[in-house]
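Have the sequence and the 3D view open as you read.

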Amino acid sequence: MKRASLEKRPDEVAAMFDDVAPKYDIVNDVLSVGQAHRWRRIVVDAVDARPGQRVLDLAAGTGTSSEPYADAGIDVVACDFSLGMLTVGKRRRPDINFVAGDATNLPFADDSFDASTISFGLRNVNEPHRALAEMLRVTKPGGTLVIAEFSQPTVALWRTLYTEYLMRALPAIATKVSSNPAAYVYLAESIRAWPNQDELATEISGSGWADVAYRNLNGGIVAVHRAVKPGAAPRAARPTVASGSARLRRRSTRAAN
């Protein structure tokens, strides 16, 4: 797979991730300049799960995004469609429940989880709206959805510089540290083609989720969207997520800034 669009063949995407699985986490740390760890912490705060609750971590890959929940005594299911990723993750963290599954047809019963989350994986799903609907189905009423995904910087100059990094510097760096640089060309193009913050918020709302809001990270390079499944009183977002200049923005028709 060398070109990206919003219509993706699941077998090709899975094969791509199988190929890069052994060094995936290392490459991510390099390409994100170490920011991936911070983004994962913010997602965990937004999910705000407690011991005794059950969390679905979709597109979990090797399970790095699932580890904080497991370490906190939370029942987490790390679900991914790449068997290569799951194999690496299970070898590294045998205590985590890794499950092979398609985001558009999840192998879980209705109302199974207190929260569902997906980090940097929704844009790789061939039908994102179906994945959003499936996460809604398997989440309990009043439960939480948290999505971290690359987005569009809100300042024009920063957006231009970032696009240049994606299309020029990122593939060059990947050539040095990855066994499959072409995969990172695809990933860069998929980021550029992905909807902006408000467009994704609208799609989340259209899938049946309520109280959709988002927070921009690193000037909009990443956005963390949070929503609640209707049917029970939702818990308020933790202050660490919704305070100061990083306040969660409610879905609106105006562009984020």
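Predicted model: local features only at pLDDT ≥ 70, side-chain atom pairs only at ≥ 80, totals over all residues.

Arg50 is partly exposed, at 41% relative accessible area.

## Pairs across the chain

Side chains of opposite charge can pair when their charged atoms come close. In total, the structure holds 12 salt bridges. One of them joins Lys229 to Asp111, with the closest N and O atoms 2.8 Å apart. This pair links distant parts of the chain, 118 residues apart: Lys229 sits in the loop between S7 and H10, and Asp111 in the loop between S3 and S4. Lys229 is buried at 11%, while Asp111 is partly exposed at 36%.

Arg123 and Glu149 form another salt bridge, their closest N and O atoms being 2.7 Å apart. Arg123 belongs to the loop between S4 and H6 and Glu149 to strand S5, so the pair ties together parts 26 residues apart in sequence. Both residues are buried. Elsewhere, a network of salt bridges links Glu67, Asp71, Arg92, Arg93 and Asp95.

## Helix H9

Helix H9 covers residues 197–206, and its buried residues are Gln197, Asp198, Leu200, Ala201 and Ile204. Seen down the axis of H9, they fall within an arc of 160 degrees, so they line one face of the helix. They pack against helix H6 and strands S5, S6 and S7.

What happens at the start of H9? There, a side-chain oxygen of Asn196 reaches to within 3.2 Å of the backbone nitrogen of Asp198. After the helix comes Gly208, with a positive phi near 110 degrees.

Methods. Residues numbered from 1 in each chain as written. Heavy atoms only, no water. Buried < 20%, exposed > 50% of the residue type's maximum accessible area, 1.4 Å probe, protein only. Helix = DSSP H or I, 4+ residues; strand = E, 2+ residues; numbered from the N terminus. Arc of directions from axis to C-beta. Contact = heavy atoms within 4.5 Å. Polar contact = N/O pair within 3.5 Å; in protein donor to acceptor, adjacent residues only side chain to side chain. Salt bridge = Lys/Arg side-chain N within 4 Å of Asp/Glu carboxyl O.
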